[in-house]
Amino acid sequence: MPAISSSAPGKIILCGEHAVVYGQPAIALPISDVQTRCVILAKPNAITRQVLVKDHAFGLDTDLSSLKPEHPIRKTIESVLTELSIDHLPACEVQIHSTIPHSGGLGSSASIAVALTRATANFLGHPLEDIIVNKIAFEIEKLHHRTPSGIDNSVIAYAKPVFYMKDTPIELLKLDHPMVLLIADSGIKGSTAKAVDLVRKRWKSSPIEFEGYFVEIGGIALKIKRLLQTGDLEEIGELLTNNHQLLKEIGVSLPELDHLVDVAIRSGAYGAKLSGGGMGGNVVALVPPDTAAQIRSNLLRSGAAHVLVARISPPARR
Ligand code: MEV
């Protein structure tokens, strides 16, 4: 049997993170400049049903059965087996390669779950529909982040821009206008689970104030959704910066993230904000295409560890 390979992109939350956990809308985009690739190689000559797991990102090189039952990799493979009513995987080697930095807000955990779900199902000869891949990846996200909204697995499973609201059907967005985003890594690892827990604690102690923030953030996502259709990048940029201010007020920014946001704006970005859980991770800036290189080098000179240039293009017309 030839090797089976499946890839999944990373993601960026354009707006609405945290508030989305409380039922507000948010917008996320797949970022294919960073990827997870999962390869499964059959080992037909193996005597036992041994499944080897090599996760290059985490330096994992072990037998699947030696992972804890709740380990996301083991759980992903077992969820696919359950979904397909198949009892075990034939002997094989599962390799996970990822260029998505973990704890950076770029969806590394959801991307691994999606790529591994698809590769396992394909290896077993039963490709799964996106809706099922998404359902499995959401369960795996709960192991990583306890109470995720489901936006990360959705944007990655569908590999399309999404307008996402918990417990409502996922709306895939067709972006008609090109955009250039700079994704600047602060170099500080941020735990989404910790950031979500912190916001929950603050929401519990000041519910009225926090509901107010969430509604405001949700309002920004609704406006940006409309503006994405008209392509008014300046107005989208301003709203992104307002969104950053609100994230700062709910307590998930850091001085380093605020600094990168300021540098991007002072260098000519339409707007910028932290993206994802915050307390580290990335800042996303919407920039005019002709100044992207200059803004990028200013960000690098001002402390960004890496800056990715993501060009979002409208889908090709047929
Ligand atoms: C993480 O990418 C986005 C958060 O809103 C958490 C979630 O939606 O699950 C912080």
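**Exercise 1. The largest pocket**

Task: State the volume of the largest pocket, then describe its lining.

Solution:
- Step 1. Start with the volume: the largest pocket in this predicted model has about 440 Å³.
- Step 2. Name the elements. Two or more lining residues come from each of α1 (72–83), α2 (108–123), α3 (130–145) and α5 (192–205).
- Step 3. Find the main contributor. Helix α2 gives the largest share, five residues.
- Step 4. Go to the residues. The lining has 27 of them, and Phe 58, Ser 108, Ser 109, His 144 and His 145 lie nearest the pocket centre.
- Step 5. Sort by class. The lining holds 10 nonpolar, 14 polar and three charged residues.

**Exercise 2. The second largest pocket**

Task: Which strand gives the most to the lining of the second largest pocket, and how does that lining divide by class?

Solution:
- Step 1. Take the volume. It is about 290 Å³ for the second largest pocket.
- Step 2. Look at the centre. Of 16 lining residues, Pro 30, Ala 159, Lys 160, Pro 161 and Ser 313 lie nearest to it.
- Step 3. Pick the strand. Strand β2 (residues 26–42) gives the most, with four residues.
- Step 4. Sort by class. This lining has 12 nonpolar, two polar and two charged residues.

**Exercise 3. The core**

Task: Which residues have the most contacts inside the largest nonpolar core? Then list the contacts of Leu 228, leaving aside neighbours within four places in sequence.

Solution:
- Step 1. Count the core: 102 residues.
- Step 2. Name those with the most contacts inside it: Ile 27, Val 94, Leu 181, Ile 224, Leu 228 and Leu 299.
- Step 3. Follow Leu 228. With those neighbours left aside, Leu 228 is in contact with Leu 14, Ile 27, Leu 173, Leu 175, Asp 176, His 177, Met 179 and Ile 236.
- Step 4. Compare the two lists. Ile 27 is named in the core list and is also a contact of Leu 228.

Terms used. Residues numbered from 1 in each chain as written. Predicted model: local features only at pLDDT ≥ 70, side-chain atom pairs only at ≥ 80, totals over all residues. Heavy atoms only, no water. Core = buried A, V, L, I, M, F, W, Y, C linked by side-chain atoms within 4.5 Å. Buried < 20%, exposed > 50% of the residue type's maximum accessible area, 1.4 Å probe, protein only. Contact = heavy atoms within 4.5 Å. 1 Å grid on protein atoms, 1.4 Å probe; cavity = no way out; pocket = protein on both sides within 12 Å on 5 of 7 lines; lining within 4 Å. Points joined across faces, edges and corners; volume = space filled by probe spheres on them. Nonpolar A, V, L, I, M, F, W, Y, C, P; charged D, E, K, R; others polar.
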